[in-house]
There are 2 protein chains.
Amino acid sequence: MSKVTPISGFLEWLPAQRYAEQMVLDVIAEVFELHGFEPINTRAVEPVERLVGKGGDADKEIYAVSRLAADESDAKEAGLGLHFDLTVPFARYVLENSGKLTFPFRRYQIQPVWRGERPQAGRYREFVQADIDIVDGGELPFHYEVELPLVIADVFKRLPIGDFRIQVNNRKIPEGFYRGLGIDDITGTLRIVDKLDKIGPAKVKELLVAEGVSDENADKVLALAAISTSDSSFVEKVRALGVEHEILDEGLAQLKAVIDTAAEHAPGLLVAELKIARGLDYYTGTVYETQLVGDEAYGSICSGGRYDALASDGKKTYPGVGLSIGVSRLLAKLIGERGLAATRPTPTAVLVAVTDEASRDESMRVAAALRARGIPTLVSPKAAKFGKQIQFADRRGIPFVWFLGGESDGVPNADQVKDLRSGDQSDADRHTWTLPAEDAQPTLHLPG
Amino acid sequence: MSKVTPISGFLEWLPAQRYAEQMVLDVIAEVFELHGFEPINTRAVEPVERLVGKGGDADKEIYAVSRLAADESDAKEAGLGLHFDLTVPFARYVLENSGKLTFPFRRYQIQPVWRGERPQAGRYREFVQADIDIVDGGELPFHYEVELPLVIADVFKRLPIGDFRIQVNNRKIPEGFYRGLGIDDITGTLRIVDKLDKIGPAKVKELLVAEGVSDENADKVLALAAISTSDSSFVEKVRALGVEHEILDEGLAQLKAVIDTAAEHAPGLLVAELKIARGLDYYTGTVYETQLVGDEAYGSICSGGRYDALASDGKKTYPGVGLSIGVSRLLAKLIGERGLAATRPTPTAVLVAVTDEASRDESMRVAAALRARGIPTLVSPKAAKFGKQIQFADRRGIPFVWFLGGESDGVPNADQVKDLRSGDQSDADRHTWTLPAEDAQPTLHLPG
């Protein structure tokens, strides 16, 4: 057997970190349910033909799956691959179950996804995403594009992640603007503008001009992309550029509705950022990215947008809008770098000491009584000296140690419980003792 | 794009079923934490060399994983495969992190696993397992073999799964018994006895005799396997067969300890079943299987045992004991066949009606107020007629519909809330109204 070494790009947490991760996932799921989303999980695999060509260069990143001991009968089966996001499987799930779902269908889905790309900081080959989407059959009302970022803002407000900012744009704004300028190649232009953060405005202008955009128009394209406002004043700034098109009007009105509604329901959290385009994806309306304030260069931790044609069976099309939290990406920063942790490193609250092996049964009875009232309890592994058993609890971050009272001259003594942090030790009844409120439910905290 | 069809062996639930599954998983995790287990997740992939040859014919069932666009640099990477259980990855995790873990280490792990075998009833190519294991460095005290089935009994007692029975044996009993009879090929004999349920005692005897076991000894082997008691009377029954060996004595004492302790802590749930062998696996002490009473032929829904040498880095060995709940297998029966469901099919408790699109903002304010107090709330997708909006809620199983009071002659009216089940409608304040207790937290129930 070879030496045990980590596999690059596959993140695994130690138990205390996994405990914190699970708490984050619980908060995410709870808020999604508060907002009326229903849970689904999809299988890890999809037919490769369904994965290839969906979303930029994702086809290069697909992990193919095949039986190690494949035989002839396998050749008949379609090639399978691991899903690289939760949107493509969701679109397939909607088509497969359309007769059994009620529309508009709101689902959340929290699962790992896999991409075979070269790992780099903040990017993994296996990572957890937490997605919400709303799809409808035929038409999808615009107001969902307003609602969805408010759900994400509600999630992030409940997590100790520091300040964050949801950047919003509407694909109709650049499209209408470019059309108003007489530029026909919308996708090509968007693709160039999308490089703004990487190569800077001068290079972007060069590329635009090389594609046949006039010097004046290239300046206007850059001026549009430079607009960023935390209120609806972006509308005037766009108007000041003097470009007119009905698609532009529609985009501005929609983005204004998103920003105005957010100003009431999530003040200060959304900004209109007119350079956001979400690359080559399938988005057709509002698009979103989310950044940690002070860590903008880390990239987006939650992205998505409105799509019109992702789920279609040829007869019926299901437009939708979705947002995906990059949980592993977010937690690599929060847990891995900032030290986000639970208020204690283990779910266990009490260690019941074992006086001697003959009385282990009695210690188990104490544990059963505490557990029956919801107190996570462990029985000591060995009837070692009490000092050692206390050390055992202390090393694990278990805050309380319980000692059997035993008896003196045939008269039972009260049990005792010791708080390892204060050192206080006092009589306790296994059937009535409760945890202090701050210990009953560990929460998340950032150090410092 | 080809037609969307399910892939054989990959189970997916509809949202209401997935909601019930998540509740089951929450109960399992909660009970595991109550018993002092810490959470871990491991990556989905392991080096193929680490997967092959662990556990029977599992090597035939491994799904290999490779980049679809593999290039030369990939050849340098070890071949990867999807894990087929959670024990092999756990053993690797322990070795990889041994310096950072505190021993005895108790972990729980709830994740999907994959096996490329031909699907059949109750067997899947992708399925969720929920495992607990306790490992220690060097020596593992026996009392954990007593404790572990009590944790599982505690899980199953909190789930509406009907009657169940945990069957327990100790590998030392057949081993010592066979040695006492002078049979040397312990593994070969166990392998034959393991076929008892499939081929019956007459065929088993034939096979044993064919392997050179005497007629009299074969009868004794069968007599041992036939012993099944719900108390420790199995000890006398074994003794009555007149076989002596020190390993047998040790096995009997250990199994008696498990059964006696269970009689107090989980009365009626454990039986000593001396035919249980867990096939060709790596078990060395207590072994467990679990059956649904009345559905015995469905097979085990929770299995495991004591192992001594699964995790070893050549220098140090970590013996352990573990049990694994076959969650998908269990839920295919409970949700798929028996109709186990949540008390309502959706997390959502309230639909806020929209009077007209102009007042959608006000409906969103109501929803925000209710959510702030933990009430899962959805805003109606359309300002349709109230009858239609009520129907929308009803079709989804949302029990309450909230109506804005609006105002008459400039004076605001109270909001109203309607219980769709009773038809009652009454005034309600968005900042104080609470859900009836039975609606606040949906639970699991079996129909009928």
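Which strand do two bridges join to S8(B), and do the two run parallel or antiparallel? Select S8(B) together with strand S9 (residues 270-273) of chain B, and you have the pair, which is joined by two bridges and runs antiparallel; helices (H or I, at least four residues) and strands (E, at least two) are DSSP runs, numbered from the N terminus.

Before going on, note that this is a predicted model, in which local features need pLDDT of at least 70 and side-chain atom pairs count only at pLDDT 80 or more, while totals for chains, interfaces and linings use all residues. Residues are numbered from 1 along each chain as its sequence is written, chains are lettered from A and ligands numbered from 1 in the order in which they are written, and side-chain values use heavy atoms, with hydrogens and water left out.

**The sheet**

Stay with the pair and pick Ser228(B), which stands opposite Glu273(B) in S9(B).

**Helix H1**

Move to helix H1 (residues 15-34) of chain B, where 15 of the 20 residues are buried, that is, under 20% relative accessible area with a 1.4 Å probe, protein chains only. Just after H1(B), select Gly36(B), which takes a positive phi of about 80°.

**The two chains**

Show both chains: a rotation of 180° with 0.0 Å of shift along its axis superposes chain B on chain A, with an RMSD of 0.0 Å, by least squares on the C-alpha atoms of residues with pLDDT of at least 70 in both. The two copies are thus related as by a two-fold rotation axis. To find that axis in chain B, select Val65(B), whose C-alpha is the nearest to it, at 2.4 Å.

Finally, select the contact itself, which takes 93 residues from chain B and 93 residues from chain A. Of the interface residues of chain B, 100% are also interface residues in chain A, so the copies meet through the same surface.

Note on methods: Buried means under 20% relative accessible area, exposed over 50%, partly exposed in between (1.4 Å probe, protein chains only). Contact means heavy atoms within 4.5 Å. Two strands pair if DSSP finds at least two bridges between them.
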